[in-house]
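Please take a moment to look over the structure below before reading on. The notes after it are meant to be read with the model open beside them.

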Amino acid sequence: MIQSKAERSASLKRQLARYQRRIDELRPRSNRYSWIRVVIFSAGVILSIIALFTISLWLFWGGLAITALLFGLAVHAHRQIDDSLQRLLVWQQLRREHLARAQLEWATMPTPRQVEPRYAHPFEADLDLVGPRSLHRLLDTTVTQAGSDRLRAWLTAPTPPLTTISARQALVRELIPRTLLRDKLTLYGRLMMLPATAAPTTAQAATGPTSGWCADALLAWLQQHPPVNALRGWLYGLSGLALINWILLGAYWLGWVGPFWEVTLALYALLQLWHARLLGDVFQEAAALQDELARLAVVFRQIERYDYAKAPLLGELCAPVCRPDHQPSQHLRRIAQIVAATAVQGNPVVALLLNAPAPWALYFAWRLSECKMAIATEIPVWLELWYELEALSALATFAYLNPAATFPHLMDAATREGSEGLAAAPIFQIQGLGHPLLPEEGKVRNDFTVDHLGEVMILTGSNMSGKSTFLRALGVNLALAYAGSVVDARQLTTVRFRLFTCIKVSDSVTDGISYFYAEVKRLKALLNALETDSALPLFYAIDEIFRGTNNRERLLGSQAYLRALVGQRGIGLIATHDLELVKLADEASDVHNYHFRDDLAAGRMVFDYQLRAGPCPTTNALRIMAQEGLPI
């Protein structure tokens, strides 16, 4: 049985409470271990010093060894508790964000990424697809910047192929019930972005990252490495020279030869110093990415180890990283281990002790270069898969948090026209239309149908009656449908349209463009799109046509423009306050009137937001002016 939205929200609240109880248990334990470490270190050092002056040197060293052992065990236990605490804080934040998305609590959602809407785009800015209170922010559960950009691209794609939409729908269907897979990918991605030394109470864990993870530095590092063959040659040469050093040194100690080992050792030292700066840069860059590599391996291990038996399409998508003999996590862990082994290069004394008997640094530089070459061409493919999963998971999470939403049924216009059974069906039909950016409480849903291409709907109604919201609801749900997502409706059946809107026209002071001129340019672009020879018809929406000019010219221009739209290969809606435009329905059978109504109750305007057929019988501008004390 599918849970309702309220039930899923209640489940999230219970999980939040459970995480908080566990966090409250672990924090005191973490604090206790901090004191235990201080006590072990202080007591061990003090007792060892006392033993040195009162008992024996051996007991002093034994006490230090025991202190180091106990201190190491305490550090390990403390780190495990802190790691668990950090994971719990991130889990808690993820659940808090899911609840915020379900209840449209914008203040609790992650900070919006700095994305400016493109006003030149056919519909992105008009439909609030990006921005602080946008569809993209509502859906965006991604960790990577590329995953976030991909989600945006899906939501704003003007003409995605039907096969692409269907494939995404099928993958999202499989991901919806797999909440643990989706959330673990987000969890491990979030942990990857936290500093390795971050305390478990840091703001990053409690509020989530403020920007997406970017792979540019990692990819650039993988592409830059010393030639493997050259490193191998130098490694063989220095290893042979080191062996000669040991042989000559042994022979010298036995008295067989003179101190020839001093010459070979000096040559060995010079060659080591000659490579030192190059290898130092290699290891320094690797050390900066060490924690990122280890945590990225955890992300891919989650993808590799998941059982896709009941999700065959996801299994097919993830197949490139699930080969047992060539898993990304294995390669990334191997590189992280090599980098960890070279961390001692940062200590000059230890580095000298390790490199004097054998070319330690050169060996690991060669191994690192080999491993980098092995995955340099493949890691972009692995990352692309992660980005794809992130964008798909964002759509699946939206569907999970809105269980009443449904997948749309899409078809191409040519398929519909070529089928006798489909040709008579409406070209666009939506039941229970809602706007996903409006709270569920009090949301009014509408049904809307368009029978065939060429129809134009004139939408009239009073101020604040719901005209603009209705236009945006239609556009936003089409954008969701084309992305492969569920839509905020009980049912949507439509052919695949190109989408174009003229709702948020913006003037430009710097470019010297007035509002009216900007609107004219936008409407001209819409008309050009409608007249373009395309396999896909156009779905367009215009809000308050020609609002930037005087009444007489607005009416004349609007009438002429609407006559140009009627009968074209598309369908459209025009919201207007010009009641004279409704008379066009008398001269063109493809023009239809719809309206939203208002009433005055107890001195207040009341709206029911229900779409009705016919022109609006009432206006409210004068009543609003009188209500606010203006002369009328």
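This is a predicted model: local features need pLDDT of at least 70, side-chain atom pairs count only at pLDDT 80 or more; totals for chains, interfaces and linings use all residues.

Strand E9, which spans residues 591–596, has five of its six residues buried, so the strand is largely enclosed by the rest of the structure. Elsewhere, the structure holds 23 salt bridges, and several of them are described here together with the accessibility of their partners.

**Strand E9 and its neighbours**

- Strand E4, made up of residues 456–461, pairs with E9 in the parallel sense, and six bridges connect the two.
- Within this pairing, the residue of E9 that stands opposite Met-457 is His-592.
- E9 also pairs with strand E12 (residues 612–613), but here the strands run antiparallel and are joined by two bridges.
- On that side, His-595 has Arg-612 in E12 as its bridge partner.

- Arg-22 and Glu-25 form a salt bridge through their side chains, with a distance of 3.0 Å from N to O.
- Both residues belong to helix H1 (residues 5–54), where they lie three residues apart, which is about one turn of the helix.
- Arg-22 has a relative accessible area of 36%, and because this value falls between the 20% and 50% cut-offs, the residue counts as partly exposed.
- Glu-25, with a relative accessibility of 44%, is likewise partly exposed.

**Salt bridges between distant parts of the chain**

- The side chains of Arg-152 and Glu-124 meet in a salt bridge at 2.9 Å, taken from N to O.
- This pair links distant parts of the chain, since Arg-152 sits in helix H4 (residues 145–156), while Glu-124 sits in the loop between helix H2 and helix H3, 28 residues apart.
- Arg-152 is buried at 16% relative accessibility, and Glu-124 is buried as well, with a relative accessible area of 0%.
- A salt bridge also joins Asp-578 to Arg-554, with 3.0 Å between the closest N and O atoms.
- Here too distant parts of the chain are linked, with Asp-578 in the loop between strand E8 and helix H22 and Arg-554 in helix H21 (residues 551–565), 24 residues apart.
- Asp-578 has a relative accessible area of 14% and is buried, and Arg-554, at 15% relative accessibility, also counts as buried.

Methods:
Residues are numbered from 1 along each chain as its sequence is written. Side-chain values use heavy atoms; hydrogens and water are left out. Buried means under 20% relative accessible area, exposed over 50%, partly exposed in between (1.4 Å probe, protein chains only). Helices (H or I, at least four residues) and strands (E, at least two) are DSSP runs, numbered from the N terminus. Two strands pair if DSSP finds at least two bridges between them. A salt bridge is a side-chain nitrogen of Lys or Arg within 4 Å of a carboxyl oxygen of Asp or Glu.
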